Amino acid sequence: MASTPTGTTEAAAFPTITDETAIVFDGVRKEYPNGTVAVGDLSLSVREHEMLALVGPSGCGKSTTLRMTNRLVEPSAGRILLRGEDITQGDPVALRRRIGYVIQNVGLFPHRTVAQNVATVPGLLGWDKARTRARVGELLELVGLAPDTYAKRYPHELSGGERQRVGVARALATDPPVLLMDEPFGAVDPAGRRRLQTEFRRIQRELGTTVLFVTHDIDEAVRLADRIAVFSFGGHLEQLAEPLTVLAHPASDAVREFIGDGAPVRMLGLAVVQRGDLDGPELVSAPAPAPITVGAPLSVAFEAIAALPGSAMGRVPVADETGAVVGSLTADGILAALRRTADAAVA
Ligand code: ADP
């Protein structure tokens with residue numbers, strides 16, 4: 001983990017992604033006993049502290065890849081290294097205790113309380129009661145479930161989103177260096193899913209946990225991931241790149257097809273307003289609407305322009321971090337910014 005030099009901002013104190021590899025798939029293959037080759041020959045590196053999304057059409061080998069990482073599925077060939085150590089050797093049960101795993105619908109133990117569920121792995125590792133209780137309290141706070149209210153409840157007394165939070169807390173109980181998640185927010189309603197995604201991303205940044213997650217939802221991948229691996233059938237890696245690059249420069253027809261038609265709209269959420277995109281502040285007609293801020297996503301700028309009354313001439317003021325208005329932006333400016341962002345995304 002990165003050290004915390006004095007005087008840095010809180011954000012800078014979070015562990016940052018490095019070139020070190022957390023997980024390496026090296027020529028990995030999985031052929032199921034019925035002859036299905038779920039993953040043909042996969043080579044892929046996951047960096048320390050990054051959140052990497054595996055996406056692609058249903059049946060392309062995403063879950064198989066994830067489950068090989070904790071040996072719920074045994075690879076047929078190749079090596080998988082966890083921080084340099086070949087995980088295909090050794091005890092799979094011990095391995096699973098070192099790797100967090102979150103799945104859709106969570107799989108909480110129904111007859112155990114929230115606290116007991118979260119304490120599962122600490123219990124297996126023989127932690128003493130006081131340490132376990134303290135850790136459970138800390139984790140429930142972390143995932144936004146007040147321990148006084150939730151610790152003694154049973155899973156059936158929770159909403160779907162709350163159960164998913166417990167699943168995340170349980171997976172993080174021993175602060176594993178790597179967390180695997182398979183459609184983690186898939187069973188949560190859309191509004192709750194958005195909130196959970198945002199909170200999970202914050203927690204992941206703070207803890208620096210390396211996360212490999214599977215989703216069929218390209219929007220979820222774009223919103224959460226540092227990089228996206230796009231698979232086609234047989235676990236074939238079509239593209240591995242940052243979300244903006246995947247959207248702006250799909251590496252193949254398979255990627256283009258998977259992304260579908262919405263790439264520019266999705267990019268609006270990733271690209272941000274920069275000073276170079278702005279016209280002069282004097283062009284805003286009075287009474288001036290509330291300004292947006294430099295660095296805001298283009299989607300925020302777009303919504304602000306869409307909400308303007310007709311008399312405002314389709315132009316919003318833009319302020320700097322201090323609140324001083326430094327320019328203005330129109331819908332044409334947003335489109336230019338989008339093109340600029342796409343051109344700048346590393347192909
Ligand atoms: P994804 O997660 O991308 O939907 P999976 O990894 O689950 O894909 O599956 C990849 C392929 O392997 C599919 O054709 C699926 O039917 C097949 N498959 C998955 N699990 C098994 C299994 N236990 N036995 C045989 N075939 C399987």
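How many bridges join strand β6 to β7, and do they run parallel or antiparallel? Here are some notes to get you started.

1. Ground rules. This is a predicted model, where local features need pLDDT of at least 70, side-chain atom pairs count only at pLDDT 80 or more, and totals for chains, interfaces and linings use all residues. Residues are numbered from 1 along each chain as its sequence is written.

2. The opening question. Strand β6 (residues 99-103) is joined to β7 by 5 bridges, and the two run parallel. Strands here are DSSP E runs of at least two residues, helices are H or I runs of at least four, and both are numbered from the N terminus; two strands count as paired if DSSP finds at least two bridges between them. If you want a spot to look at, tyrosine 101 has leucine 180 in β7 as its bridge partner.

3. Strand β7 (residues 178-182) is largely enclosed by the rest of the structure, because 4 of its 5 residues are buried. Buried means 20 or more other C-beta atoms within 10 Å of the residue's own, exposed means 12 or fewer, and partly exposed is in between, with C-beta atoms placed from the backbone.

4. The core. The largest nonpolar core has 84 residues, and Leu212 is among those with the most contacts inside it, as are Val118 and Ala169. Both domain 1 (11-261) and domain 2 (271-344) give residues to this core, so it lies between them; the bounds come from an automatic or database domain assignment. A nonpolar core is a set of buried Ala, Val, Leu, Ile, Met, Phe, Trp, Tyr and Cys residues joined through C-beta atoms within 7 Å.

5. A closer look at valine 118. Beyond its neighbours within four places in sequence, valine 118 is in contact with several residues, including Val136, Leu140 and Ala169 (contact: C-beta atoms, placed from the backbone, within 7 Å).

6. The β1 hairpin. Strands β1 (residues 21-31) and β2 (residues 37-47) pair antiparallel over 7 bridges, with valine 28 facing leucine 42 as bridge partner. There are 5 residues between the two strands, and glycine 35 takes a positive phi near 95 degrees in this hairpin. Strand β1 is also joined to β4 (residues 77-82), running antiparallel, by 5 bridges.

7. β11-β12-β13 is the order of an open sheet of 3 strands with mixed pairing. Its edge strands, β11 (292-293) and β13 (325-330), each pair on one side only. Strand β12 (residues 315-319) runs antiparallel to β13, with 5 bridges, and valine 316 stands opposite leucine 329.

8. Lysine 152 sits in the loop between α6 (147-150) and α7 (160-171). With 12 other C-beta atoms within 10 Å, lysine 152 is exposed. Leaving out residues up to four places away in sequence, lysine 152 touches Thr113 and Ala115.

9. Overall. The chain has 14 helices and 13 strands, and 37% of its 347 residues are buried.

Note on methods: Two residues are in contact if their C-beta atoms, placed from the backbone, lie within 7 Å.
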